[in-house]
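This report looks at one helix and at a few backbone angles. Please keep the sequence and the model open while reading.

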Amino acid sequence: MKIVLSKLPKSGWWAKGIPKYEDNPAMIEGAIPDIELLNKERKDLITSVINTGIEIVEIDFPVELDQNEPKHDFVFIRDSFISDQNGLVIILRAGEPQRRIENRLVRKCLEHLELKVVEMPDKTGMRADGGEFYFCKKNSILFSGKKRNTAAGAEYVAERLNVNELVILEGQGFHLDTFFAPVLNRSGYLCSLVACTSVMTTESKSELYKFADNLDIPIFKIPQNDALGNKNSIGSFAANALPLPGTLIRPGP
């Protein structure tokens with residue numbers, strides 16, 4: 001397995017201030033990230049991934065996005081595409097319209113990796129973000145959120161990945177990975193789930209417990225302050241995780 005990681009923009013990440021998306025309380029418009037801390041945490045992430053035996057492939061930050069007043073999230077490169085982990089990549093169509101330039105540019109970045117690339121149709125009603133998906137290859141299960149994804153977008157991705165099961169979960173977060181994460185055992189199979197069930201719809205919570213019971217795996221519940229948080233208090237994003245076989249990498253304990 002390989003993991004693609006974006007380099008940081010030469011101008012600094014949002015060096016002139018963060019933009020604001022209405023559904024993300026963590027984005028304080030005009031705030032400037034601590035670049036020194038960002039560089040440290042990025043190096044720590046790379047070390048953690050390499051220590052699992054997985055190769056990191058770094059790609060250059062697109063020059064087109066590194067302008068005087070950038071409006072981008074390209075460092076969150078997982079949002080732009082999804083892979084079947086076997087050479088196929090699907091370029092997605094962002095739920096946030098101003099991010100669709102990232103979908104177009106990421107294809108150029110991936111071309112040298114000898115992948116089969118397909119693009120989600122550019123049609124009204126068809127939207128999908130990588131942060132709205134968790135793909136568990138060994139179980140052939142695709143988890144999807146339904147905030148910046150549409151049902152049509154999720155179903156398109158599920159069909160192209162040829163999964164056995166599509167599980168759609170709804171919650172208050174702008175992405176599935178703000179309130180949910182799967183955990184994999186050393187063989188790469190689902191062994192547990194992490195979820196902030198208090199922000200999930202009643203129907204989705206019920207479906208999640210049925211799913212876990214069928215696989216006989218536990219659900220570890222986390223409070224809202226360990227998820228996205230709220231407008232008064234930003235959460236720790238502990239559910240925003242990278243599940244690898246036998247390892248779960250996430251920003252909060």
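## Helix H4: length

The expected span of a helix is 1.5 Å times one less than its number of residues. The model here is predicted. Helix H4 covers residues 202-215, 14 residues in total. From first C-alpha to last, H4 reaches 20 Å, close to the 20 Å expected at 1.5 Å a residue.

Which residues of H4 are buried? They are Ser204, Leu208, Phe211 and Ala212. Viewed down the axis of H4, the buried residues fall within an arc of 95 degrees, so they line one face of the helix. The cover over these buried residues includes five strands: E7 (141-144), E8 (165-168), E9 (180-184), E10 (190-195) and E11.

The face turned away from the buried side carries exposed residues. These are Thr202, Glu203, Asp213 and Asn214.

## After the helix

Asp216 follows H4. The phi of Asp216 is positive, near 55 degrees.

## Positive phi in two loops

Gln85 sits in the loop between strand E3 (81-83) and strand E4 (88-91). Its phi is near 65 degrees, a positive value in a residue other than glycine. Gln85 has a relative accessible area of 37%, so it counts as partly exposed.

Phe237 lies in the loop between strand E11 (219-221) and strand E12 (242-244). Phi of Phe237 is also positive, near 60 degrees, and this residue is not glycine. Is Phe237 buried or exposed? Buried means under 20% relative accessible area. Phe237 is at 18% relative accessibility, so it counts as buried.

Note on methods:
Residues are numbered from 1 along each chain as its sequence is written. This is a predicted model: local features need pLDDT of at least 70, side-chain atom pairs count only at pLDDT 80 or more; totals for chains, interfaces and linings use all residues. Side-chain values use heavy atoms; hydrogens and water are left out. Helices (H or I, at least four residues) and strands (E, at least two) are DSSP runs, numbered from the N terminus. Buried means under 20% relative accessible area, exposed over 50%, partly exposed in between (1.4 Å probe, protein chains only). The arc is that of the directions from the helix axis to the C-beta atoms. Contact means heavy atoms within 4.5 Å.
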